[in-house]
Amino acid sequence: MELSIFLIALTINFVLSKYSQKIFLNKNFVDKVNERSSHSVIATRSGGLPIFLIVFLCSIYFYLIGNAIFDFSILIPISILFIIGFYDDLYKVDFKLKFIFQIIAAKILIDYGYVIDNFHGILGINDLNRIFAQAFTIFIIVAIINAINFIDGIDGLASSVVGIFIILYEYFSANTTDFRILSIVILASLVSFLYFNIKKEKKIFLGDSGSLFLGGLVSVYVLNILSSNYLIKTDYDINKVLFVFSILSYPIFDIIRIFFLRLLNGRSPFIADKQHIHHLVYTKFKSHIKTTLFIASLSVLFMILIQIVF
């Protein structure tokens, strides 16, 4: 069944990607080449639309047959993230407005019960005060969303990092997770997206619609890991907070670095530039694929190191 779902999602994403790109090209919604661009060919920021549509259609199908493959309520906040991102891909939105909608989506998730109320012993802290827990959860959700958005600057990087995260999330779980089917659908969609993303012409980018949507999903997965519902395999005795850090090491490290670097230079942390780690690595390799493989490999090695040390 899982293989069938993967293949169906893969096929649907491929078809939707072709069709949505055709519409974007006809409407001249293309990614403008400027001084920050790492490409010089025609490209559309339409990659998020097929991924969102597949998740949405999959959810409707399983809802109608009475199979709750995951908590369908999370579709509301992550749909908000997709919509604001999609609008930004088409017409551009001030980063302050996107930030506000990210906070709104985070608060909705908290109201649904997705809240970090335990540090699991890190710094000697366990249970958290309710008000602090909510404020801290909003901070973490917004940070993760922007961390995924920030690394979407090199072909295949954001989608690869998210894909690796989901695979490790499922692999290290002691039981079949509540997001198993959703994970399969997302992974199939990312595989199909990568095909269009690494093409030499008529490329497809995730756009803000894709990066914000995937960032929202990753934040939900993280909140699930830090809850009592997610149990790590007994073979891997590691603190949950360290576990999250190990499987999201690159986007976490990159956003912390770029945030303080921009502040020290007197710039807004949300104004894009080419000072990200992947941009620096790209100047050495001169290849998107090599840069993505290098960073992905380092991320996996770092995760293994954390497992060994702790």
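Select tyrosine 169 first: at 0% relative accessibility it counts as buried. The model is predicted. Tyrosine 169 belongs to helix H6, residues 157–171. Show its side chain together with that of asparagine 224. The two side chains make a polar contact of 2.7 Å. Then draw a C-alpha distance from tyrosine 169 to arginine 180. These residues are 11 apart in sequence and 9.8 Å apart in space.

Step across to phenylalanine 179. Leave out residues up to four places away in sequence. Its contacts are then Ile69, Phe70, Ile74, Tyr114, Tyr169, Glu170, Val220, Tyr221 and Asn224.

Which members of the largest nonpolar core touch the most other members? Select Phe165, Phe179, Ile186, Phe213 and Leu214. The core has 79 residues. H8 gives the most to it, with 10 residues. In soluble globular proteins, nonpolar side chains tend to be buried together.

**Helix H2**

Select residues 48–64, helix H2. Check its length with a distance between the end C-alpha atoms. At 1.5 Å a residue, its 17 residues should span 24 Å, and the end C-alpha atoms are 24 Å apart, so the two agree. Colour the buried residues next: Gly48, Leu49, Pro50, Ile51, Phe52, Ile54, Val55, Cys58, Ser59 and Phe62.

What covers them? The cover includes helix H1 (2–26), helix H3 (75–91), helix H7 (180–197) and helix H8 (207–225). Show these four helices as cartoons around H2. Then look just past the end of H2. There, glycine 66 takes a positive phi of about 80°.

**Threonine 44**

Go to strand E1, residues 43–44, and pick threonine 44. Is threonine 44 buried or exposed? Its relative accessibility is 0%, so it counts as buried. Its side chain makes a polar contact of 2.9 Å with the side chain of serine 46.

List what else threonine 44 touches, leaving aside neighbours within four places in sequence. Gln21, Phe24, Leu25, Phe29, Val30, Asp31, Lys203, Ile204 and Phe205 are in contact with it. Keep Phe24 and Phe29 selected from that list.

**Aromatic pairs**

The structure holds 29 aromatic pairs. Start with phenylalanine 24 and phenylalanine 29. Their ring centres are 6.0 Å apart and their planes are at 70°, so the pair is edge-to-face. Phenylalanine 24 is buried, with a relative accessible area of 5%. Phenylalanine 29 is partly exposed, with a relative accessible area of 25%.

Phenylalanine 136 counts as partly exposed at 21% relative accessibility. Phenylalanine 139 is exposed, with a relative accessible area of 52%.

Now widen the view. Phe24, Phe29, Phe52, Phe56, Phe82, Phe86, Tyr87, Tyr91 and Phe213 form one aromatic cluster. Phe52 was among the buried residues of H2. Phe213 was one of the core residues that touch the most other members.

**Charges over rings**

- Lysine 233 over tyrosine 171: the charged end sits 4.1 Å from the ring centre.
- Arginine 262 over phenylalanine 150: the charged end sits 5.2 Å from the ring centre.

**Positive phi**

Finish with the backbone. Most residues other than glycine have a negative phi.

The last stop is lysine 286, in the loop between helix H11 (277–285) and helix H12 (288–309). Its phi is also positive, near 60°, and this residue too is not a glycine. Lysine 286 is exposed, with a relative accessible area of 61%.

How values were computed
Residues numbered from 1 in each chain as written. Heavy atoms only, no water. Helix = DSSP H or I, 4+ residues; strand = E, 2+ residues; numbered from the N terminus. Expected span 1.5 Å × (residues − 1). Buried < 20%, exposed > 50% of the residue type's maximum accessible area, 1.4 Å probe, protein only. Contact = heavy atoms within 4.5 Å. Core = buried A, V, L, I, M, F, W, Y, C linked by side-chain atoms within 4.5 Å. Polar contact = N/O pair within 3.5 Å; in protein donor to acceptor, adjacent residues only side chain to side chain. Phe/Tyr/Trp six-rings, centres within 6.5 Å; stacked < 30°, edge-to-face > 60°. Lys NZ or Arg CZ within 6 Å of the ring centre and 35° of its normal.
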